Each structure stands twice: as C-alpha cells, then as structure tokens.
Amino acid sequence: MKDFNYRLALACAALILALTLCAQAQTITFSDLTGVGTGGTGWEPYSTVTQATDGNFYGTATNGIMGGGGNIFRMTPSGEVTNFYTFVCSRTKCPYGAFPMTAPILGTDGNLYGVTSAGGNAPGGGGVFYKLTVQGQFTVLHSFGQTPTDGTWPQGITLGSDGNFYGATVYGGNRSEQPGVIFKLTPTGEYTELYSLCSRAACADGEKPFSPPIEGNDGNFYGATTTGGANGGGVIYKITPSGHYSVIYNFCNPDDSHCTGGSLPYAITKDADGNFVGTTYSGAFKITPSGQFSVLNTLSSAQHFGSPYSQLILGSDGALYGMMDGGGSGSWVGRVRGAIYRVTTTGDASTLYAFCQCGGGTGFNPISGLFQGTDGNFYGTTAFGGIGPDTNEDWGYGTVFQYTSGLGPIVETVPTAAKAGKQVLILGNHLTGTTGVMFNGVQADFTVESDTYIKATVPAGATSGTVSVLTPDGALNSNPKFVVTR
C-alpha cells in the first residue's frame, strides 16, 4: 500500500531541473535518523518539520522503531534528534495509527495535531487524527474509514481561522472509484465530510488529492487534486467552510504534448499577495482565487535533480522556496539527489543547493517540502542518506537538515488568520522582555509565555498585514502576513 500510493503520487512525471548554481556560501547541517530498533529515531522521513511552542522541531518517519509503524521525532535547535512518539503496530490494525507521512501542525491551544495514513480502530484502518502535547501525551481523536464511504489515507491537515482543521484523503468517498474526500475536524475530533470527489460525471470535479486545502484571504479553502477534472490532469478547486465546491482551473491532459500549463498538480500554497502557487511536472505556476492561471517558471534545464513535486513555501523575503523531490521511496528508486531551489515573484529561478548523490552526507531523495523556522533558516528532511545500518551501507535511514540562506529571524502566528478579539500564538526566539506586539501598526494585548512564544489578542481596528514584535534585540516581523477576517 505504502509503495503503491507514493509511487502514484510521485511517478506522475520526472522533471529535469537545470538552473545555474549559486555560490555555495550557505551551510548545511544535519542529524541522522539512525537506528530501527529500540532507542532509534526512525527511518525514511517523508515529512518536513513543524516548530512548536517549546522552540523544538517535530517531524515524522514512516518506518523503523520497534513495532514498525513509524514515529514522531523531535529535533532541538542545536540539531539533536530523539524519538518522541512511536506508532506501535504489535496490536491488530495498529489502533493508534501507522505510517505517518506528514508532520503534525500546531493548534491554537499549543498542542500538536496530525494524521497518519494507516491504522486506527475503524474497520477500514484508514488512518487516525491525533493530538500530541509537547510533554508527550498522545490521544487518538478520530479514526478514518468508519464507513465504506468514509475518507481514508489522509494526507496532512491545515489550521483554519476558525480553529478547526481541514484536510483531504486520497481514498474513500461515495463512488466505487474511492476518489477521496475533503473534510473538517474540530480539535476534539468531530469529523465532517465537506465534499466527496468524483461526484460529477467522469470525475470532472477532480480526484485523488495528495495535500490538504489551504485557507485563502477570502475565508474559503483552495486545493489541488492530482488527477481528474475536465482533461484528466487534475484541478484547482475552491470549497467554502460549509462544503460548497467548485473547480476554478482544469490542468492539461498528461499526454498532451502541446500543453504549456502542466498537469498533475500536487499542492498549492499562498503567496504574499494572496494568490496561490504550486508545481506540476512542467514547473511552477500561479493562480488567482478567481482562476486566472500563469506559468511562473518551467524549472527545466540540463542537470538531473528530480521533480518539483513538493509544496512550495513563502520565504520571509517574499520569494518561493521548494525542493526537487529526487524520487519516491523504496528499493526501485535510483539515486536522484534532489535540490533546493528559489523562485521569485517575477518567475526568476535559481538552484541553491544540490544534495549528494552518494550515501551519507546531507542525504538525498528529499520527498517533502521546506519549513522556515523562526531563526530564519530553512529545515527539511531527506528519505535516504546519512548513517546506514552498518559501515558498508551507504543508503542510510535519512537525514534532517538545516539550510542557511542569510534571512534574519522572524515570528510566526498560529493561526495565520483570525477575527478581532481572538487569541493567537506568536512563535519566535528571544521573546523574553518583549515590550509591544503590533498587528499592522495597531497595538495588541499580549502575554509573554516563554522565550519562544507569546499569546496575543487580535486588537479591534486591526487590518491585514504584518505582525511586529518589539523585543530587546529589535523588531521581529511575521511571515506570512496576518489576515484579519470578518
């Protein structure tokens, strides 16, 4: 199941990226996910990482650890990696979940929430939705696959401005094709199916979403399906919080040799202007909430780094950062090293770092996207490389890396949008002694909870824009900008 699904996700096309390498003045540090047994830290991480209120980073590894169900690891800012939670599968059907392919995310209460792709107590064993405190207390809140039409195999969640979580499943739904569903979950685990894909003839509304929808500035949610649509090449969709669904763009058929817009999109993210950006096998694209589509860059040249199928992220400099995946998982995958690249708002692209083609080192075959920490650096994982099971093994269990691009420290709000009067978390570094929090210039009430996070209330009269935190070391600005909803 694991191998088949991930091959489906990444075997859509192999893209060659060829861009002029920048001077290698930046640095890479890494921590190996060494060991598969008791005391190990995991094997084959497919997810990126998330930063929590304690300042540490959390991610998932799909294999390894006693029981074989995967695990959640924790990495300190100094790079020390430890196993934080193990998905033990010694019991039937892995009741607490198994095979976590995406990192947990931070909720408004300061706890981590996430999904696994398999396991759970439901008959379908379609994964679980869980809560995990930074003290290590784990709770299963929902099991997927409770009915024949329930969604299964969830692929990540996002946090909405209403404090609920939104996501999509690759399988499940009301049709025999099991095309996937879009869902909402409350922090207590109350599940609502918002839309069952393939509800239109010939799956004209799309099918097989491999990433969760994200909230737009208008309060609606937007996402991508990898296949389906009018041309069979996937769609970009809009869905309201109440479940009204519409397709705003249809991608080309994958067999159309004259297609310039690409097909088979994997995920989208929001840029600094409130538009959406993503990648297909043809390169990076931009699309407005109304469906106006344009190609940002074809990301093609002569050096083989892999395919740009991981999610782009918005850096604090306003540019977009992504990774060439380097391949899927499993023994059939060759040593495609992967790379980190940058795309500006005008479409200029550059390769920043190419991973090693050999074992060891900083790893190779990065499958997930990047994450920008509050220190301004980028973090991610590679599925292979690093330390292997013995001195002769050069594939390794995978790595966690840090990429330093020269960007300064920032603060991040959780969530990134909310109404006036709502409380938000603000993550950062060296926040002790903070004297002010401003929402686009409007002073907010706040409490410094620790050196790494603040609780603040969105002030009346605030408008969408930058959140600034005034610390003894200077002002720290938010990335992305905060959206004040109505």
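The chain has one helix and 38 strands, where helices (H or I, at least four residues) and strands (E, at least two) are DSSP runs, numbered from the N terminus. This is a predicted model, in which local features need pLDDT of at least 70, side-chain atom pairs count only at pLDDT 80 or more, and totals for chains, interfaces and linings use all residues. Residues are numbered from 1 along each chain as its sequence is written, and side-chain values use heavy atoms, with hydrogens and water left out.

Of the 486 residues in the chain, 62% are buried; buried means under 20% relative accessible area, exposed over 50%, and partly exposed in between, with a 1.4 Å probe and protein chains only.

The largest nonpolar core has 27 residues. By nonpolar core I mean a set of buried Ala, Val, Leu, Ile, Met, Phe, Trp, Tyr and Cys residues joined through side-chain atoms within 4.5 Å. Those with the most contacts inside this core are Leu106, Phe129, Tyr130, Leu132, Ile157 and Phe165. At least two of its residues come from each of several strands, including S5 (81–86), S10 (152–159) and S31 (423–427). The largest share, four residues, is supplied by S8. Apart from this core lies another, of 17 residues, with Val411, Val424, Phe439 and Val469 among them. In soluble globular proteins, nonpolar side chains tend to be buried together.

Next, strand S36. This strand, residues 467–471, has four of its five residues buried, so it is largely enclosed by the rest of the structure. What joins S36 to strand S32? Four bridges do, and the two strands run antiparallel; two strands pair if DSSP finds at least two bridges between them. Glycine 436 has leucine 470 in S36 as its bridge partner. S36 also pairs with strand S37 (residues 474–477), again in the antiparallel sense, over four bridges. Here serine 468 is partnered by asparagine 477 in S37, and a hairpin through two residues joins S36 to S37.

Finally, the charged side chains. How many salt bridges does the structure hold? It holds one, a salt bridge being a side-chain nitrogen of Lys or Arg within 4 Å of a carboxyl oxygen of Asp or Glu. The side chains involved are those of arginine 342 and aspartate 317, at 3.1 Å, N to O. The pair links distant parts of the chain, 25 residues apart: arginine 342 is in strand S24 and aspartate 317 in the loop between strands S22 and S23. Arginine 342 is partly exposed, with a relative accessible area of 24%, and aspartate 317 is partly exposed at 33%.
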